[in-house]
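Please go through the model below with this briefing at hand.

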2 protein chains.
Amino acid sequence: MDAAEFRKRGKEMVDYIADYLEKIEKRQVFPDVEPGYLRPLIPDCAPQDPESFEDVFKDIEKIIMPGVTHWHSPYFFAYFPAASSFPALLADMLCGGIGCVGFSWAASPACTELETVMLDWLGKMINLPEEFLAGKDGQGGGVIQGSASEATLISLLAARTKTIRRVQLEKPELTEADIMGRLVAYASDQAHSSVERAALIGGVKIKNVSSDDTFSVCGSALKKVLDEDKASGLIPFFFCATLGTTPCCSFDKLLELGPICNKENIWMHIDAAYAGSAFICPEFRHLLNGVEFADSFNFNPHKWLLVNFDCSAMWVKKRSDLTGAFKLEPLYLQHHHQESGNFINKLDYYYFHWQIPLGRRFRSLKLWFVLRMYGVTGLQEHIRKGSNELNKALLKSINEAKKIHLVPCHLRETFVLRFAICSRTVESTHIKFAWQHISQLATALLKTWEEL
Amino acid sequence: MDAAEFRKRGKEMVDYIADYLEKIEKRQVFPDVEPGYLRPLIPDCAPQDPESFEDVFKDIEKIIMPGVTHWHSPYFFAYFPAASSFPALLADMLCGGIGCVGFSWAASPACTELETVMLDWLGKMINLPEEFLAGKDGQGGGVIQGSASEATLISLLAARTKTIRRVQLEKPELTEADIMGRLVAYASDQAHSSVERAALIGGVKIKNVSSDDTFSVCGSALKKVLDEDKASGLIPFFFCATLGTTPCCSFDKLLELGPICNKENIWMHIDAAYAGSAFICPEFRHLLNGVEFADSFNFNPHKWLLVNFDCSAMWVKKRSDLTGAFKLEPLYLQHHHQESGNFINKLDYYYFHWQIPLGRRFRSLKLWFVLRMYGVTGLQEHIRKGSNELNKALLKSINEAKKIHLVPCHLRETFVLRFAICSRTVESTHIKFAWQHISQLATALLKTWEEL
């Protein structure tokens, strides 16, 4: 396929993707296939001779689509939202076209520098403390990881190295293996399984901290297990707090946990993979209070901020903690550039010291496209979804239909529809009817709203 | 941006990418910018209000391109080849459009199943032993990792778990920390830095094995260090052989090393990241002999097989070694499907047990597009680049120009141009002139050839 054919086929593919996304609602969200459906549909081996684009293209609907779970269907409520937007798709096309592998500054300066600046933009949008930003001469900074699992793992590994070095200075009689055997990491019993997995990979113990009645970890629960473990000779070194747990979106109490971690020399990592995007709205930002005590923080724009997978944003206060943990610099990856006194020195620009893989794509392009083409306001609207106006319109349509009757209230700035069980004769059938009626009106309203 | 605008902008982006790649030769391969060039060119914060696509689009040439190292320029000879082809770009567009996160079978059956079958296709193309293939009821199988570093790390971690379990059975008096402290991994002194890094992450020792005069590790070198280490109480558990080292593309001697590893219960992983694509040509396949002794094998189609980054192909003989090492199955990731007797059982389809991150993109699409649209023959031609016919035509044009004179020979099936220093009066200027002359004719010939 030459460039001329790519122009033709690329445009067909753009239309195919637009059609797919425009009409996705009509596809069954979860496929009917049984495990193993695909193998009998395609040959046993790669073809010896080239096939045409048409051959391949027609197999997308025939072979692939029948086995796709449609994550962008409005009927998909499983797992977590996978972000998708047209600006991000365009940026990913460009990323593929440029096709650079930006592991170091020299490997493609724009790839590294745009990432640093985009993470500063994003950090400012959620009002992260200055210490987490790279700025022009900061000690911190951000990086795009492939997934929150990688962010947790890399934090745990950095904490492990830092703690081993510290303990070896304090107790030179201990070997590295002795110390490793005593290290303990902690996370809520509600934390994502990837935290336990990070500890398994890192070869260290991990313990659950019990969450309270609201499924949040509070300071006293952490304190209790730390005291027990220290008394038995273990070395607590890492705590992963969760903001927005997977089962029920509960929030650990950072303001209680942070000071304990700081006092005990425990690295606090915050995993806000799912909920973190909400912090761009001032009314949700209070849930992030306490981040100032953390060493590292992560959330996934690829979940809820309209940036296609993969784009997991991670920040650290001291980037030398990451880059110092696994720095290996073979000659073929070195690039000699004058060291300068500001942020821009050679080492900071080796993003591969910040992550597990060596290679990396130009993922900051999609952040750049999305942040610019939606603007902060547009993204806030996406998080908020509804609005006071929408709620007022819903109440109006409910009360005009006169099948049920409600009155509203204000909870601070939010317009709320109050549903009170009033009459002595109310039974569950009445409530079910009311709920169906409200749902129907809300659905109709949202449809009209979107068409406008 | 709605679907209608995406159709328009997507097509503009297709043309931009086609233009970029068609005229890439005219761009300076390495940029002129100094570190920190980008930050002053863009605002300090994300815009509050949306910007138009035009605004963003015009900044690609203004802000991004001046800082790009052009990996697909024909003048780019640094690091390693980053594969790029139009079919792969089209497949990546589709991958973005579908936008599924295929960590398990249920999360998108097509995503998991196409990957399994594509890795079988690719395995057959390089004539991997049957044990590495998933087939319908095999114990092995393939997976796409993001990079060779991840393949090495995941192998080392699987080997670590397997060895700890074995040693704990043999010597129940040892704790896990005791065993960890005695584990040693090995790799050539020519191996990629990512192997040392994998050991650092895994918290185990790693030692270099000396390579010989051809920069290859032979059996006796490994044997020597193993004997020493076992005598001092260490537990050798992992050896990473390299086929095609980064500095000079040397090959470790698998046929000597494999039997030693098998005898000593050492997991042998083969890292053929760069050179592995060549094994699709029968004349290079002998370099892979000995793979039958390995536990895992990896090469990067994203380097030399026209599949855009990232696509690192990895196979294991016993996939339960990977899936068993870090299996954690929270309820929200389980999908209840009838277990069947064949390959298709629930567990095998949890590809996230095979890798470090949880999420994964639909990367097998680009393998599918490329393998079909080039065919095995087309890909073999890409590896071979030149041909006997081309060499014959070059000799003809050299001898017709009559500035220098050469005769050819055959080395087995290959037509070779012989350049002998013959006359007593030859000086280095004559040789330089001859080389320039040959280069000019070769360049002209290749240009004509490509135009045909």
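Helix α9 (residues 254–263) of chain A lies across β4 and β5 (267–271) of chain A, and runs at about 150° to β5(A). Axes here are lines fitted to C-alpha atoms, for helices over the stretch in contact, and angles run from 0 to 180 degrees between N-to-C directions. Contact means heavy atoms within 4.5 Å. Helices (H or I, at least four residues) and strands (E, at least two) are DSSP runs, numbered from the N terminus.

This is a predicted model: local features need pLDDT of at least 70, side-chain atom pairs count only at pLDDT 80 or more, and totals for chains, interfaces and linings use all residues. Residues are numbered from 1 along each chain as its sequence is written, chains are lettered from A and ligands numbered from 1 in the order in which they are written, and side-chain values use heavy atoms, with hydrogens and water left out.

**The sheet of chain A**

- Seven strands of chain A form an open sheet with mixed pairing, in the order β1-β7-β6-β5-β4-β2-β3.
- β1 (141–145) and β3 (205–209) of chain A stand at the edges with a single partner strand each, so one side of each is left without a neighbour in the sheet.
- Neighbouring strands of this sheet are turned by 20° against each other on average, direction ignored.
- Two strands count as paired if DSSP finds at least two bridges between them.
- β2 (residues 183–188) and β4 (residues 235–242) of chain A pair in the parallel sense, over five bridges.
- A:Ala185 stands opposite A:Phe238 in β4(A).

**Strand β5 of chain B**

- Buried means under 20% relative accessible area, exposed over 50%, and partly exposed in between (1.4 Å probe, protein chains only).
- Five of the five residues of β5 (residues 267–271) of chain B are buried.
- In a regular strand the side chains alternate between the two faces of the sheet.
- Both faces of β5(B) are covered: B:Trp267, B:His269 and B:Asp271 are buried on one side, B:Met268 and B:Ile270 on the other.
- β4 (residues 235–242) of chain B pairs with β5(B) in the parallel sense over five bridges.
- B:Thr242 has B:Asp271 in β5(B) as its bridge partner.

**Helix α1 of chain A**

- Helix α1 (residues 3–22) of chain A has 20 residues and spans 28 Å from its first C-alpha to its last.
- That is close to the 28 Å expected at 1.5 Å a residue, where the expected span is 1.5 Å times one less than the number of residues.
- Its buried residues include A:Phe6, A:Met13, A:Ile17 and A:Leu21.
- The buried residues of α1(A) pack against α2 (53–64) and α3 (86–98) of chain A, together with α1 (3–22), α3 (86–98) and α12 (364–384) of chain B.

**Relation of the two chains**

- A rotation of 180° with 0.0 Å of shift along its axis superposes chain B on chain A, with an RMSD of 0.3 Å.
- That is the relation of a two-fold axis.
- Copies are superposed by least squares on the C-alpha atoms of residues with pLDDT of at least 70 in both.
- 100% of the interface residues of chain B are also interface residues in chain A, so the copies meet through the same surface.

- B:Asn308 lies in the loop between α10 (301–304) and β7 (312–316) of chain B.
- B:Asn308 has a relative accessible area of 3%, so it is buried.
- The side chain of B:Asn308 reaches the backbone oxygen of A:Gly96 at 3.4 Å.
- Beyond its neighbours within four places in sequence, B:Asn308 is in contact with residues including A:Gly96, B:Asp92, B:His302 and B:Lys366.
- B:Cys261 is found in helix α9 (residues 254–263) of chain B, and is buried at 0% relative accessibility.
- Not counting residues up to four places away in sequence, B:Cys261 touches B:Leu222, B:Phe239, B:Ile266 and B:Met268.
- The C-alpha atoms of B:Cys261 and B:Asn308 are separated by 34 Å, with the two residues 47 apart along the chain.

**Backbone geometry**

- A cis peptide bond joins A:Phe309 and A:Asp310, with omega about 5°.
- In chain B, the peptide bond from B:Phe309 to B:Asp310 is cis, with omega near 5°.
- B:Leu306, not a glycine, has a positive phi of about 65°.
- B:Leu306 sits in the loop between α10 and β7 of chain B, and counts as buried at 8% relative accessibility.
- B:Phe215, not a glycine, has a positive phi of about 65°.
- B:Phe215 lies in the loop between β3 (205–209) and α8 (219–231) of chain B, and counts as partly exposed at 40% relative accessibility.

Note on methods. A polar contact is a pair of N or O atoms within 3.5 Å; within protein, one must be able to donate a hydrogen and the other to accept it, and residues adjacent in sequence count only if both atoms are side-chain atoms.
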